Amino acid sequence: MELPPELIDDVRKRLRRIAGQVEGVEKMLADGRDCRDVLTQLAAVSKALDRAGFRLVAGGLTYCIQHPDSDESDPEPVGTLEKLFLALA
């Protein structure tokens, strides 16, 4: 399934930000930070990762609706995206 470059750029930026958050959590653990603080940051990382996935699926769905004939290799792109969305839920 083809995705627009601006969507890919957005998700890649989100993933780089998430990678920084994960490094921050690792540093918190190395520094012996309070468990509540670490878990709060882990929850934020988890939510950010979920949102990146949902952004990708939502953007892909929008693109498929706007360009229904763009991907002939997948006869049912909306169905494929629905399955991917459900995998994230």
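Of the 89 residues in this protein chain, 22% count as buried (under 20% relative accessible area; exposed is over 50%, and partly exposed lies in between, with a 1.4 Å probe and protein chains only). Keep in mind that this is a predicted model, where local features need pLDDT of at least 70, side-chain atom pairs count only at pLDDT 80 or more, and totals for chains, interfaces and linings use all residues. Residues are numbered from 1 along each chain as its sequence is written, and side-chain values use heavy atoms, leaving out hydrogens and water.

Now for the overall layout. The chain has three helices and zero strands, giving the pattern α-α-α along the sequence (helices are DSSP runs of H or I with at least four residues, strands are runs of E with at least two, and numbering starts at the N terminus). The radius of gyration is 17 Å, whereas a compact globule of 89 residues would have one near 12 Å (taken over C-alpha atoms; the globule rule is 2.2 Å times the number of residues to the power 0.38). Along the principal axes, the C-alpha atoms fill a box of roughly 55 × 25 × 15 Å.

Next, look inside. The largest nonpolar core is made of Ile 18, Val 25, Met 28, Val 38, Val 45 and Ala 52 (a core is a set of buried Ala, Val, Leu, Ile, Met, Phe, Trp, Tyr and Cys residues joined through side-chain atoms within 4.5 Å). Helix H1 (5-30) and helix H2 (35-66) each give two or more residues to this core. Take Val 25: leaving aside neighbours within four places in sequence, Val 25 is in contact with Val 38, Gln 41, Leu 42 and Val 45 (contact means heavy atoms within 4.5 Å).

Then there are the charged pairs. The whole structure holds five salt bridges (a side-chain nitrogen of Lys or Arg within 4 Å of a carboxyl oxygen of Asp or Glu). Elsewhere, Arg 36 forms a salt bridge with Asp 34, with the closest N and O atoms 3.0 Å apart; Arg 36 is exposed at 63% relative accessible area, while Asp 34 is partly exposed at 34%.
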